[in-house]
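Have the model open while you read.

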Amino acid sequence: MLGPVSPFVAVGLGLYVLNLLVGLAAQFRLAHFGIWHHGLYLVVFVSAILAMVLTHEWWLLLTVACLTWFPKAKPRTWLHPTLGGMGLVGYLLAIGG
């Protein structure tokens, strides 16, 4: 059973999932977000670091590492969604354990 989840982790996870959905919409060309997607990425990155530091949920190191590599991963390549999925795993491990 899961214990209480820190509000910092909950907000970070919510923003991360929102950014994943925005990325999926862009991937499937359902919408064009342009600079907004990049701005949201910055907010997601900062919130993941804050959640990790303020809660000591060290599984979020996986998420932060994936977010760090995102600028090197071109959209519509295998690396881009792989990093997105692995970053989500970091959040899931943080809330699950």
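1. H1 and H4 first: their axes come within 11 Å and cross at roughly 160 degrees. Axes here are lines fitted to C-alpha atoms, for helices over the stretch in contact, and angles run from 0 to 180 degrees between N-to-C directions. H1 and H4 are therefore roughly antiparallel to each other (angles over 145 degrees count as that). Their crossing is left-handed, that is, the near helix is turned anticlockwise from the far one by less than a right angle.

2. A word on what you're looking at. This is a predicted model, where local features need pLDDT of at least 70, side-chain atom pairs count only at pLDDT 80 or more, and totals for chains, interfaces and linings use all residues. Residues are numbered from 1 along each chain as its sequence is written, and side-chain values use heavy atoms, with hydrogens and water left out. Helices are DSSP runs (H or I, at least four residues), numbered from the N terminus.

3. Which residues of H1 and H4 meet? From H1 come Val9, Gly12, Leu13, Tyr16, Val17 and Leu20, and from H4 come Leu83, Gly84, Gly87, Leu88, Tyr91 and Ile95 (contact means heavy atoms within 4.5 Å). That contact has nine nonpolar, three polar and no charged residues. Ala, Val, Leu, Ile, Met, Phe, Trp, Tyr, Cys and Pro count as nonpolar, Asp, Glu, Lys and Arg as charged, and the others, Gly among them, as polar.

4. Now H1 against H2. These two pack at an angle of about 155 degrees, with their axes 9 Å apart. That makes H1 roughly antiparallel to H2, and the crossing is left-handed. On the H1 side, the residues in contact include Phe8, Leu15, Asn19 and Val22, and on the H2 side they include His37, Leu40, Ser47 and Leu54.

5. Finally, the largest pocket. Its lining has 25 residues, with Gly23, His37, Phe70, Pro75 and His80 nearest the centre. H1 (7–27), H2 and H4 (79–96) each supply at least two lining residues, and H1 gives the largest share, seven. By class, the lining has 14 nonpolar, 10 polar and one charged residues. A pocket, on a 1 Å grid over the protein atoms alone, is an open set of points where a 1.4 Å probe fits, with protein on both sides within 12 Å along at least five of seven lines; lining residues have an atom within 4 Å of a point.

Note on methods. Angles under 35 degrees count as roughly parallel, over 145 as roughly antiparallel, 65 to 115 as roughly perpendicular and the rest as oblique.
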